[in-house]
There are 4 protein chains.
Amino acid sequence: MTGPTALAPVMTADEINAYVADVYPQLTTQHGEFVTTEVFPGGCVVRVEAGERHFRAGDTVSGPTLMTLADMGGYVCVLSHLGRVPLSVTVNLNINFMRKASAGPIDAHCRILKLGRSLLVYDAELVWGRDRIVVAHATGTYSIPPGTVRP
Amino acid sequence: MTGPTALAPVMTADEINAYVADVYPQLTTQHGEFVTTEVFPGGCVVRVEAGERHFRAGDTVSGPTLMTLADMGGYVCVLSHLGRVPLSVTVNLNINFMRKASAGPIDAHCRILKLGRSLLVYDAELVWGRDRIVVAHATGTYSIPPGTVRP
Amino acid sequence: MTGPTALAPVMTADEINAYVADVYPQLTTQHGEFVTTEVFPGGCVVRVEAGERHFRAGDTVSGPTLMTLADMGGYVCVLSHLGRVPLSVTVNLNINFMRKASAGPIDAHCRILKLGRSLLVYDAELVWGRDRIVVAHATGTYSIPPGTVRP
Amino acid sequence: MTGPTALAPVMTADEINAYVADVYPQLTTQHGEFVTTEVFPGGCVVRVEAGERHFRAGDTVSGPTLMTLADMGGYVCVLSHLGRVPLSVTVNLNINFMRKASAGPIDAHCRILKLGRSLLVYDAELVWGRDRIVVAHATGTYSIPPGTVRP
């Protein structure tokens, strides 16, 4: 069986937040308030507290904010399931924007679709608001550097 | 003939920069130094001056910075060829990251592939450094709100 | 609430199969054995019976076969939830291939992510074999022609 | 310099056509008349002679036909620049459909955007008709199997 159910996290949300603040401080200083809130076998949840600084024309959350969240979700998929692999990088990201989000927490629910030899594929559903509407959906691929030690 | 050669810009780069600073100030305050440097029939060039604030782990330009640049390129395709349409929004963006970029200007060379009734499709080639290497390639779609007056 | 749970099918799987055979006979004569097996609120399941005619080098199911299945899934999302809209067309499709499939049924489990005014966005998980492994994952967008009567 | 200009083909269009007919006969028997017409440093041109068998509802060329052409273009990018690598497979394909095509030759003009250690990234512009209109644009990624001998 090669499905995500065989996967097991090796870092907690707190450990990931501390690690990201250390190796990628710009994420928070530039983009603001991105945190990992949950880690589970085969996936994770990453959150941004959206506010005016994340808005674009029309007072809705900007595309770049949602893309940053979706991309961060893939990085946390890698970290949570492979451990400290700072140099894993995005190979591809595809995102569909479906509805408008405004202020408040936006959660990216991420699932690892494949954890292969050299690539991790995931998808992310971005939900916002009291009604948990899906505001965007993304799929992405991260590279796993050669020589990465598997947990 | 429906190709891009029939297209003609209706705003200059300076007009676009002033307009974006007005309707989307977060672009510059949050993400830093994104400017339109060129507008031509069927396309545009958008630039970010990449510096440490745009880095991720590994001291290379982060994915979110490049996605923001590619997304901005689509917005400028809309503005430059349709005029002031602030509420045009991204529908889809797909990006492939190919090489690492570091400090210095990164230019997104954007081409309008289709300017339809309700959608604009474009691609963007992101080039960096003295050797003008292609660091990423994106395609995207922007919505054109109903009722937009065509130039 | 704008989520998929508010959606309701207006055609059965049998009605869709008869309709597609009528308006798009090439699907079956050229590509072979694509059928809708299930329709439910907010989604559908489309199946191909993969055999040697669908193979590529390496005796695995070809990319074009899986892309056809994923694309067909979006068409059936439209038909099942909007009725007979033959001229709805694909606007965008993005697909990640994750594992190899061989002979036997492959099912595309499709979910409508957004049914808007002029666009339908969906995703499709393609599963194969006794272990139901996910061999590919796609997201796509179909246009809804102006003037389409809503059920 | 890492750009495509450093690339050089190692197979001719005729050699590729003979090779594909041998290892992937289904391409022609199932999908019909896909041929490589040109190979050049950093890219290639692949053609389908579209006819009624490639149509969908509305008597226009179907999405699966255009996706097959775009995918085939990536395979020919690999073969033409790396030689006989039958088991190179598609990892990701993203395609935007922009205009309708009908009967006649459709050419996929393909460019290698990156030829890396384990992945080849390319884009394809699909043009049709006397006016050479762009009917679709795709970007894709092929895997390069470990152990592939570089020319």
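## Before you start

You're looking at a predicted model, where local features need pLDDT of at least 70, side-chain atom pairs count only at pLDDT 80 or more, and totals for chains, interfaces and linings use all residues. Residues are numbered from 1 along each chain as its sequence is written, while chains are lettered from A and ligands numbered from 1 in the order in which they are written.

## Where B meets A

Let's begin with chain A. Here 27 residues of chain B are in contact with 27 residues of chain A (contact means that C-beta atoms, placed from the backbone, lie within 7 Å). On chain B's side, the elements giving two or more residues are helix H2 (26-31), strand S3 (55-56), helix H3 (63-82) and strand S5 (90-97). Helices (H or I, at least four residues) and strands (E, at least two) are DSSP runs, numbered from the N terminus. S5(B) hands over the largest share, eight residues. Sort this side by class and you get 13 nonpolar, eleven polar and three charged residues. Ala, Val, Leu, Ile, Met, Phe, Trp, Tyr, Cys and Pro count as nonpolar, Asp, Glu, Lys and Arg as charged, and the others, Gly among them, as polar.

S5(B) also pairs with strand S5 (residues 90-97) of chain A, in the antiparallel sense and over five bridges (pairing takes at least two DSSP bridges between the strands). Within this pairing, Asn94(A) has Asn94(B) as its bridge partner.

## Where B meets D

Chain B touches chain D too: 17 residues of chain B are in contact with 17 of chain D. S5, S6, strand S7 (119-128) and strand S8 (133-143) of chain B each give two or more residues, with S8(B) giving the most, five. By class, this side of chain B has six nonpolar, seven polar and four charged residues.

## A look at Cys110(B)

Cys110(B) sits in strand S6 (residues 104-115) of chain B. Cys110(B) counts as buried because it has 30 C-beta neighbours inside 10 Å; the cut-offs are 20 or more for buried, 12 or fewer for exposed, and partly exposed in between, with C-beta atoms placed from the backbone.

Beyond its neighbours within four places in sequence, Cys110(B) is in contact with several residues, including Cys44(B), Cys77(B) and Tyr122(B). The C-alpha atoms of Cys110(B) and Tyr122(B) are 6.7 Å apart, with the two residues twelve apart along the chain.

Methods. Two residues are in contact if their C-beta atoms, placed from the backbone, lie within 7 Å.
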